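Please study the sequence and the model shown below before reading on.

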Amino acid sequence: MKKEIKKVVLAYSGGLDTSIIIPWLKETYPGCEVIAVSGDVGQGTELEGLEEKAIKTGASKLYIEDLKEEFVQDYVYPTVKAGAVYENKYLLGTSFARPIIAKRIVEIAKKEGADAICHGCTGKGNDQVRFELTIKAFAPDMEIIAPWRIWDLKSREEEIEYAEAHQIPLKINRETNYSKDKNLWHLSHEGLDLENPANEPQYNKEGFLELGVSPEQAPDKPTYITLHFEKGVPTMLDGKKLSGVEMVEALNKLGGENGIGLADIVENRLVGMKSRGVYETPGGTILYHAHNKLEELCLDRDTYHYKQQIGLKFAELVYFGQWFTQLREALSAFVDSTQETVTGDVTLKLYKGNIIDAGVTSPYSLYDEEIATFDEDEVYDQKDAGGFINLFGLPIKVQAQKKQQNQK
């Protein structure tokens, strides 16, 4: 028995999926009002003309919520500080954009007195989990409608046919039908020729890359930049103080121009399958590199090594949609405590897809040139190393002796 739905709040991007969901909702739940919500996390031109399109296709209104600065400060930077990278490559661009959008959608759904929240995520993907776990965290009793799990459409081709039959304008066609997700942090590409991992991404094909150029097309001259961090957060670029949004935009431009931040990944989705995607994250790649470089200087060995383990778990939590959980909050508290001394300047050389270290300084540097020098010093007695090695190696020595005795 289908529950009576009188008002639905839809997570709306204006892409293929959500464009056809508005008329589908009105056909499936006759008489229901559809309120569209778009969270602006830096999609740029994708938001142009969205209100007119949403209303023409049946929505009663469209909210466009500016979430960009909150996105960077409360989601992006905490993840960078954690050093969280999923499966060694993915800088979590889509993953941490979903919780902030879903949280705002819940707030609007409550304000509007909605009976349900609807999203356009496929039943094969990770985003359905990310949206729905956030909804459960803030509105545990809210009805959730996921059309991909209940309608008869089976492919993007059938979606295009549905759109054409309902005279819904689309910005894509069958030949350029990559599945893309864009925000301030990154741009992902999936589908078409990328579905076969044997196919090389067409980085040099006009129109494929949007945030930058391929390394081959980057300038022959390197670009030097200096980033300043305060407690793990980037605050200045080349001596100029920038907001979070300004910082990411500036680094995207510099990184994109130099062919930085391209990643070709076959990743393990939460639902169990492997998927292949190409990601553009120029500014994010620079920030991760610079932040790690500063931590090399400022964190003691044990903290640095243990934090690397924390980064792996943090990345999983973000990827799996578990942002609003006690564990993620606890890990962030640990990470923040490690960042108290991660303050200083990192200079980098950007050149044809490469990020080359060009100097790092910090008032909290744990590097002592007098101790580390290969020249003569008066602070380190090399004879002490012998006793240290004897004690450190004692378990190995005892085990070897026992082994020899047993072989006699």
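## Briefing on the predicted model

Leu92 is found in the loop between H3 and H4; helices (H or I, at least four residues) and strands (E, at least two) are DSSP runs, numbered from the N terminus. The model is predicted, so that local features need pLDDT of at least 70 and side-chain atom pairs count only at pLDDT 80 or more, whereas totals for chains, interfaces and linings use all residues. Residues are numbered from 1 along each chain as its sequence is written, and side-chain values use heavy atoms, with hydrogens and water left out.

- Leu92 is not a glycine, yet it has a positive phi of about 65°.
- Most residues other than glycine have a negative phi.
- Leu92 counts as buried because its relative accessibility is 0%; buried means under 20% relative accessible area, exposed over 50%, and partly exposed in between (1.4 Å probe, protein chains only).
- Lys231, also not a glycine, has a positive phi of about 50°.
- Lys231 is found in the loop between E8 and strand E9 (233-237).
- Lys231 is partly exposed, because its relative accessible area is 43%.

**The chain as a whole**

- The protein chain contains 13 helices and 14 strands.
- Its C-alpha atoms fill a box of roughly 85 × 55 × 45 Å, taken along the principal axes.
- Of the 408 residues in the protein chain, 48% are buried.
- Among contacts (heavy atoms within 4.5 Å) with a separation of 6 or more, 74% are between residues 24 or more positions apart.
- The protein chain exposes about 21,000 Å², and carbon and sulfur atoms supply 50% of this area; accessible areas come from the Shrake-Rupley method with a 1.4 Å probe, and for residues only the protein chains shown count as cover.
- The protein chain has 47 positive and 65 negative charges, whose mean positions are 5 Å apart.
- Lys and Arg count as positive and Asp and Glu as negative, while His and the chain ends are not counted; the place of a charge is NZ of Lys, CZ of Arg, CG of Asp or CD of Glu.

- An unreviewed UniProt entry gives the annotation "binding site" to Tyr90, Ser95, Asn126, Arg130, Ser179, Ser188, Glu267 and Tyr279; UniProt positions are given in the numbering used here, feature names are shortened, and annotations may be inferred rather than shown by experiment.
- From this set, Tyr90 and Tyr279 belong to the lining of the second largest pocket.
- A pocket is, on a 1 Å grid over the protein atoms alone, an open set of points where a 1.4 Å probe fits, with protein on both sides within 12 Å along at least five of seven lines; lining residues have an atom within 4 Å of a point.
- Tyr90 is found in the loop between helix H3 (68-82) and helix H4 (97-112).
- Tyr90 counts as buried because its relative accessibility is 3%.
- Beyond four places in sequence, Tyr90 touches Val85, Ser95, His186, Ile265, Tyr279 and Tyr319.
- Glu267 lies in strand E11 (residues 262-268).
- Beyond four places in sequence, the residues touched by Glu267 include Asn126, Tyr279 and Tyr319.

- Thr18 lies in helix H1 (residues 16-28).
- Thr18 is buried because its relative accessibility is 5%.
- Among the residues that Thr18 touches beyond four places in sequence is Gly120.

- UniProt lists residues 178-398 for "domain: Arginosuccinate synthase C-terminal" in an unreviewed entry.
- The end C-alpha atoms of residues 178-398 lie 61 Å apart, and the span is 37% helix and 24% strand.
- Lys307 is placed in helix H9 (residues 301-319).
- Why does Lys307 count as buried? Its relative accessibility is 3%.
- Lys307 and Glu280 are 27 residues apart in sequence and 26 Å apart in space, C-alpha to C-alpha.
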